[in-house]
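Work through the exercises below with the sequence and the model open side by side. Each task sentence is followed by a solution that goes step by step.

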Amino acid sequence: MPTDQPTIAAVLAGGTGARMGAALPKQLLPVAGKPILQHTLEAFEASGAVDRIVLVMAEGHHEAAWTIAKSANVTKLSAVIGGGATRAASSVAAIRWAQAQPGIGPEARLLLHDAARMLVSGRIIADVVAALDDCEAVTAAIPSSDTVVEVDSGRIDSGRITAVPDRSRLARVQTPQGFRLGLIAAAHADAAADRAFVPTDDCSVVLRFRPGVPVRTVAGSERNLKVTEPADLLLAEALLRA
């Protein structure tokens with residue numbers, strides 16, 4: 001399924017990072033002397049598998065994002081656009097931007113990546129893009145090192161275990177997740193019409209609304225962590241300095 005259509009990386013930074021307790025969105029916080037966002041943009045800038053970058057950024061911080069990109073000489077950045085109130089809304093904003101670009105068709109590759117995964121490697125990016133030669137949907141993932149249980153109430157402080165799935169068949173999903181543009185656009189359009197569906201990521205949208213489309217996995221990395229809590233900043237800095 002190779003195509004001469006470009007590969008677009010959408011870096012999703014639409015959240016405000018409330019769990020960090022900081023005045024700035026977490027993607028603007030420094031780690032090892034550079035903002036988290038800069039580390040992430042540089043990873044996609046350095047990837048020979050990516051042609052363009054679009055940044056979905058929290059409102060009020062677009063100018064700061066452009067300043068970061070220019071100081072880091074991120075030449076692939078084509079646009080900084082507004083996101084939405086949810087992760088899915090930010091993905092849809094990136095999808096619509098890609099569809100509106102001249103010469104971009106349904107076979108273009110779109111990578112959706114959480115800006116907070118600042119340590120994503122070139123190998124992971126390249127593997128996700130390469131997988132799209134043979135499939136329409138793919139995600140980076142790593143094996144679950146912990147036993148995972150199902151809890152009846154959804155609350156750890158007051159629930160009861162109802163099932164213990166086989167750990168050998170479980171994986172922890174990471175980003176980037178990659179898709180053919182036409183597929184992910186159609187799946188999200190159907191998801192938007194189903195108010196009862198709350199997607200946790202973009203692959204879940206494909207699994208729900210395009211169940212006949214296989215979603216492949218490629219190997220992620222423990223290093224490809226998502227900076228969510230204050231302690232994650234220290235861990236990311238330690239990994240960078242190591």
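Helices (H or I, at least four residues) and strands (E, at least two) are taken as DSSP runs and numbered from the N terminus. The model is a predicted one, in which local features need pLDDT of at least 70 and side-chain atom pairs count only at pLDDT 80 or more, while totals for chains, interfaces and linings use all residues. Residues are numbered from 1 along each chain as its sequence is written, and side-chain values use heavy atoms, with hydrogens and water left out.

**Exercise 1. Backbone geometry**

Task: Find which residues a cis peptide bond joins, and locate the residues other than glycine with a positive phi near 55° and near 60°.

Solution: Begin with the cis peptide bond, which links threonine 175 to proline 176 with an omega of about 15°; proline 176 belongs to strand S10, which spans residues 171–180.

Next, take the phi value near 55°, which belongs to alanine 32, a residue of the loop between strand S2 (30–31) and strand S3 (34–35). With a relative accessibility of 26%, alanine 32 is classed as partly exposed, given that buried means under 20% relative accessible area, exposed over 50% and partly exposed in between (1.4 Å probe, protein chains only).

Finally, the phi value near 60° is that of asparagine 73, which sits in the loop between helix H2 (62–71) and strand S5 (77–82) and is exposed, its relative accessible area being 53%.

**Exercise 2. The buried residues of helix H4**

Task: Determine which residues of helix H4 are buried, and what covers them.

Solution: First, within H4 (residues 122–131), the buried residues are Ile124, Ile125, Val128, Val129 and Ala131. These residues lie on the same side of H4 because they cover an arc of only 165° around the axis, where the arc is that of the directions from the helix axis to the C-beta atoms.

Then look at the cover, which includes helix H1 (36–46) together with strands S1 (7–13), S6 (109–114), S7 (137–143), S10 (171–180) and S11 (216–219).

**Exercise 3. Buried residues and their contacts**

Task: For arginine 117, tryptophan 97 and glycine 105, list the contacts beyond four places in sequence.

Solution: Contact here means heavy atoms within 4.5 Å. Arginine 117, in the loop between S6 and H4, counts as buried at 12% relative accessibility, and the residues that it touches are Thr40, Val173, Gln174, Thr175, Asn224, Leu225 and Lys226.

Tryptophan 97, a residue of helix H3, is likewise buried at 13% relative accessibility, and its contacts are Ile8, Val54, Ser78, Ala79 and Ile81.

Glycine 105, in the loop between H3 and S6, is buried with a relative accessible area of 18% and is in contact with Gln5 and Leu181. The C-alpha atoms of glycine 105 and glutamine 5 are 7.2 Å apart, although 100 residues separate the two along the chain.
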